[in-house]
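Student: I have a new structure on my screen. Can you show me how to read it, feature by feature?

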Amino acid sequence: MDTTLSEKKIAVLGSGANGASIGADLFRAGHDVSFIEQWPEHVEAIRANGIRVEMPDVTETTRVPVFHLCEVATLREQFDVVLVLVKAYDTRWACELIKPHVKSDGLVVGMQNGMTIDAMADVVGAERTIGSVIEIASTMFIPGIVQRDTTRAKSWYAVGAFDTKAQGREEEVASLLRQSGHVEITSDIRSAKWMKLVANATELVPSAILDMTVMEAVEVPGMREFMTEAGREAARTAVELGNHLVPILGLREENIGTAEDFAEQLLGVVHDEYSIPGQKTTVLQDWTKGRRSEVDQVNGLVVEQQRKLGGKAPVNERIVEIAHKIESGEINREAGNVDLLLA
C-alpha cells in the first residue's frame, strides 16, 4: 500500500470519552479523522464548539468532523482505518454498520473491553481485524467535554493482528496511536486482551457495586481479597482456554508469576500507576448515567467460559448476579452491598 499516514482516512466509531480523546490526538497530529457517535447531544456539541479534552497537564479544544449514526448511510467515502470504541455489547451491529465504508484493504481496530475481536473478524474479515488493549482513563458527563485523567505520557496501548492474514500490518495502527500514548506491538493479541479482561474483572464491577472508585473499594475490609480472587478466576480461565500470561500495562515478563499471582500484580499496577482519587470506572459511569454496563462481557464471560470448561467461577458469578440486580432496579449500588459480595 502506498497511502501515506497523512492521507489515510480514519473513523472513530464510538466517540465517547476515550474515543473522542484518542481521535482528537490523531486529528491534532495532522491525520484525517472523523467521529461517528450515537449520543445526539454530544454530536451537536462537538459541531458547535469542538471536542474539549481536559487533561492534567493541558486542556485542548479540537474541531473534528462528526457524524450521527443515522448519517453513516449518507457517507460516500471509505475509511482506511476504523477505531472501534463502542461498548463491547454493541460490537457486532456497529461493525455491520461501518463495514460498507471500510476499504477492501482497510483495517478495523477493536479497542473496547472484553473479547470483541472474534465478532469483529466475523463481520469485517480476519484479514482486516486488528485487536487492541488500551489503558486510558476518561470520563464524560457533559456533551462535548472529556475529562481525561491520563496524560499522553501515561497512556498505554497494545496492538496485534487477529490472525496471520493481518500480520505485518500492526505498525499501520501503532504509528497512529503513538500520537496518543506509548504503544507496544504484540504477537498474541488474544492473550493480551484476556489479560486486560483479568484486570477489568478484578476492578470495574466490584467497585461500582459499592458505588465507589477502585481506590476506595480496595480499602474496604475484605474487598481487596475479593477483587483479587475475581481476577484469579479470570486468569485461570484464560490459561485453561489456551492463552498465555503476557505482560501488559508496563508489567515485566519476569514479574508475571503464576495465574494466581497475576491478578494481584495487575490490581497493584492499576491502583498505583493509573488510578487517581475520585476516578470513576466505566461501569460506575454507565450506572450513574442510567446505562447498562459491560458486566456480561467481562465477569459474565469468565462465568460462561468456565461453564464450557466444566468448571465454576463463583466469585464472578456473585458479581454478575448482584450487578444484574442493580441494573434491574431491584437493589441500589451502595457501600452496604459489601455484605452481599462477601457473603
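Student: Where is D211 found?
Tutor: One thing before that: this is a predicted model. Now to the residue. D211 is found in the loop between α6 (189-209) and α7 (214-217).

Student: What is the phi of D211 near?
Tutor: Start with the general idea. Most residues other than glycine have a negative phi. Now the case here. Phi of D211 is near 60 degrees, a positive value, and the residue is not a glycine.

Student: Why does D211 count as partly exposed?
Tutor: The cut-offs decide. Buried means under 20% relative accessible area, and exposed means over 50%. D211 has 37% relative accessibility, so the residue counts as partly exposed.

Student: Let us move to a sheet. What is the order of the strands in the open sheet of eight?
Tutor: The order is β5-β2-β1-β6-β7-β8-β11-β12, and the pairing is mixed. The edge strands are β5 (66-68) and β12 (182-185), each pairing on one side only. Neighbouring strands in this sheet are turned against each other by 25 degrees on average, direction ignored.

Student: How many bridges join strand β2 to β5?
Tutor: Three bridges join β2 (residues 32-37) to β5, and the two strands run parallel. To place the pair on your screen, find F35, which stands opposite V66 in β5.

Student: Why is β11 largely enclosed by the rest of the structure?
Tutor: Count its buried residues. Six of the six residues of β11 are buried, so the strand is largely enclosed. Then check each face. W156, A158 and G160 are buried on one side, and Y157, V159 and A161 are buried on the other.

Student: Which strands are joined to β11 by bridges?
Tutor: Take β8 and β12 in turn. Six bridges join β8 to β11, and these strands run antiparallel. There, E135 has W156 in β11 as its bridge partner. Four bridges join β11 to β12, and these run parallel. In that pairing, W156 stands opposite H182 in β12.

Student: What is the strand order in the open sheet of four?
Tutor: The order is β4-β3-β10-β9, again with mixed pairing. Both β4 and β9 (138-142) stand at the edges with a single partner strand, so one side of each has no neighbour in the sheet.

Student: In what sense do β9 and β10 pair?
Tutor: β9 and β10 (residues 145-148) pair in the antiparallel sense, over three bridges. One landmark is S138, whose bridge partner in β10 is R148.

Student: Is T62 buried or exposed?
Tutor: First locate the residue: T62 lies in strand β4 (residues 59-62). T62 counts as buried because its relative accessibility is 5%. Next, look at its surroundings. The side chains of T62 and R28 make a polar contact at 3.0 Å. Leaving aside neighbours within four places in sequence, T62 is in contact with A24, F27, R28, G50 and I51.

Student: Last topic: helix pairs. At what angle do α8 and α11 cross?
Tutor: Check the distance between axes, the angle and the handedness. The axes of α8 (residues 223-240) and α11 (residues 299-309) come within 10 Å and cross at roughly 45 degrees. The two helices are therefore oblique to each other. Their crossing is left-handed. At the meeting place, E233, A234, T237 and E240 in α8 meet V302, Q305, Q306 and L309 in α11.

Student: How far apart are the axes of α11 and α12?
Tutor: The axes of α11 and α12 (residues 314-328) are 8 Å apart, and the helices pack at an angle of about 130 degrees. That makes α11 oblique to α12. The crossing of α11 and α12 is left-handed. Here N299, G300, V302, V303 and R307 in α11 meet N316, E317, I319 and V320 in α12.

Terms used:
Residues are numbered from 1 along each chain as its sequence is written. This is a predicted model: local features need pLDDT of at least 70, side-chain atom pairs count only at pLDDT 80 or more; totals for chains, interfaces and linings use all residues. Side-chain values use heavy atoms; hydrogens and water are left out. Buried means under 20% relative accessible area, exposed over 50%, partly exposed in between (1.4 Å probe, protein chains only). A polar contact is a pair of N or O atoms within 3.5 Å; within protein, one must be able to donate a hydrogen and the other to accept it, and residues adjacent in sequence count only if both atoms are side-chain atoms. Contact means heavy atoms within 4.5 Å. Two strands pair if DSSP finds at least two bridges between them. Axes are lines fitted to C-alpha atoms, for helices over the stretch in contact, and angles run from 0 to 180 degrees between N-to-C directions. Angles under 35 degrees count as roughly parallel, over 145 as roughly antiparallel, 65 to 115 as roughly perpendicular and the rest as oblique. A crossing is left-handed if the near helix is turned anticlockwise from the far one by less than a right angle, and right-handed if clockwise.
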